[in-house]
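I've got one structure to walk you through today, so let me put it up on the screen.

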Amino acid sequence: MKKEKEIMTEEVNWKEGADHFLSVRDLVVEYTAAGEVIHAVNGVSFDLERGETLGLVGETGAGKTTIAKAILRILPDPPAKVRNGNILLNGVDLYKISEHEMRKVRGEKISMIFQDPMTALNPVMTVGDQIAEAIELHHKEFSPKEVTERACEMLEKVGIAASRYGDYPHQFSGGMKQRVVIAMSLACNPLLILADEPTTALDVTIQAQVLDMMKALREEQNTSMILITHDLGVVAETCDKVAVVYAGQIIELGSKEEIFDDPRHPYTLGLFGSLPTLTGDEKRLHPIDGMPPNPADLPEGCAFNPRCGKACDACRKKDKMPELIHIGGTHYVRCFDDGVKEKKA
Ligand SMILES: Nc1ncnc2c1ncn2[C@@H]1O[C@H](COP(=O)(O)OP(=O)(O)OP(=O)(O)O)[C@@H](O)[C@H]1O
Ligand SMILES: [Mg+2]
């Protein structure tokens, strides 16, 4: 095993000691469809450290999946175009390395779990062989016996008997398939997991099992995670930090406690209902009045102004967007309203 301090790829020298494990800076992504420009991500910045889990929450179309795919450099171009931004993993800019190097990053350092397990599984290959293939790809030094052993070990870790190595995906339930996908993504000990609604398709009992299992594996391997979810209960249980995304921007960012105990932005308050609590029964995002904005035709000023009870003239001014302001601790909010930004004691 190579030491984590100096994980060498052919050309990139990965060193620890960068300011942050992952830094996303000023990310801007557009799609072009039917002659229209869709402003999907409009200047997203955040940091993530080793072992931390960041929850990305926000309504449908807010840009969450686009952010995750941009990090992994798997956005299809066209229609997607990354217009601006830097994504630094241990200080290495993922947009400055070659596709060949990036392929090694995927799986070995960062892996993504998609909502639908079948997008990641091959229906005509046994689940064991699929896990083995993922391991082989990143551990060329392993003998075939070692690869099989590790694949069996991963199956057992996600609660599936190694005796099912030779079964095909259709012989598994939905929850088991998703656990196989998770085993595949954890098999190479990624440093970062991008999990896009990983448990939405699962029933509640299996969801809890899968989340517990991911948590245990993450703790064991000090893995970082970005978790995209609509489920505030999952955020409360799983995340250290929360970023609330609206119209392709982070409008509030903070520790789980800061966001749940002291939500500031009118949108966050709307989403969480009037009284969000870390222990409350409120599990789902609240539907809030009005429609999410059309990213091909964003409102002028603050993108939330048409739905905001606190909106005033400043919020509707052309070309004037609120900045993400630090209000204390690790808490940031993007709003013109002084009350919302009031510093904490
Ligand atoms: N391939 C594509 N071509 C054109 N537009 C796209 C494409 N993929 C996403 N978009 C648009 O970009 C915006 C952001 O989409 P994205 O999938 O990132 O949102 P999301 O927050 O993940 O939503 P959801 O919660 O529904 O998964 C949306 O307006 C969406 O319609
Ligand atoms: Mg999505």
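Predicted model: local features only at pLDDT ≥ 70, side-chain atom pairs only at ≥ 80, totals over all residues.

The protein chain has 11 helices and 14 strands. Its radius of gyration is 21 Å, close to the 20 Å that the globule rule gives for 345 residues, so the chain is as compact as a globular protein of that length. If you boxed up the C-alpha atoms along the principal axes, you'd need roughly 70 × 45 × 45 Å. And 42% of the 345 residues count as buried. Looking at contacts with a separation of 6 or more, 63% of them are between residues 24 or more positions apart.

Now let's zoom in on strand S10, residues 224–228. Is S10 enclosed or open to the outside? Well, 5 of its 5 residues are buried, so S10 is largely enclosed by the rest of the structure. Here's a bit of background: side chains in a regular strand alternate between the two faces of the sheet. In S10, Ser224, Ile226 and Ile228 sit on one side, Met225 and Leu227 on the other, and they're all buried, which leaves both faces covered.

Who are the partners of S10? Strand S5, residues 53–57, runs parallel to S10 and is joined to it by 4 bridges. For instance, leucine 56 has isoleucine 228 as its bridge partner in S10. Strand S9, residues 192–196, also runs parallel to S10, with 5 bridges. There, leucine 194 is partnered with isoleucine 226 of S10. Trace the path from S9 through helix H6, residues 204–221, to S10 and you've got a right-handed β-α-β unit.

Next, another sheet. This one is open, has 4 strands in the order S4-S3-S6-S7, and the pairing is antiparallel. S4 and S7 stand at the edges with a single partner strand each, so one side of each has no neighbour in the sheet. At the S7 end, 2 bridges join S6 (residues 80–89) to S7, and leucine 89 stands opposite valine 92 in S7.

On to the ligand. Which residues are closest to ligand 1? Out of 14 residues surrounding it, the closest are Ala40, Thr60, Lys64, Thr65 and Thr66. Strand S3, strand S4 and helix H1 are the elements that each give two or more residues to this shell. H1 makes the largest share, with 3 residues. By type, the shell divides into 7 nonpolar, 6 polar and 1 charged.

Aspartate 26 is found in strand S3, and aspartate 26 is exposed, with 12 other C-beta atoms within 10 Å. Leaving out residues up to four places away in sequence, aspartate 26 touches Gly43, Ser45, Asn84 and Gly85. Proline 79 is 53 residues from aspartate 26 in sequence and 20 Å away in space, C-alpha to C-alpha.

Then there's glycine 270, found in helix H9, residues 266–272. Is glycine 270 buried or exposed? Count the C-beta neighbours inside 10 Å and you get 20, so glycine 270 counts as buried.

Technical notes. Residues numbered from 1 in each chain as written. Chains lettered and ligands numbered in written order. Near = placed C-beta within 6 Å. Nonpolar A, V, L, I, M, F, W, Y, C, P; charged D, E, K, R; others polar. Pairing = 2+ DSSP bridges. Right-handed = clockwise from strand over helix to strand, strands pointing away. Rg over C-alpha atoms; globule rule 2.2 N^0.38 Å. Contact = placed C-beta atoms within 7 Å.
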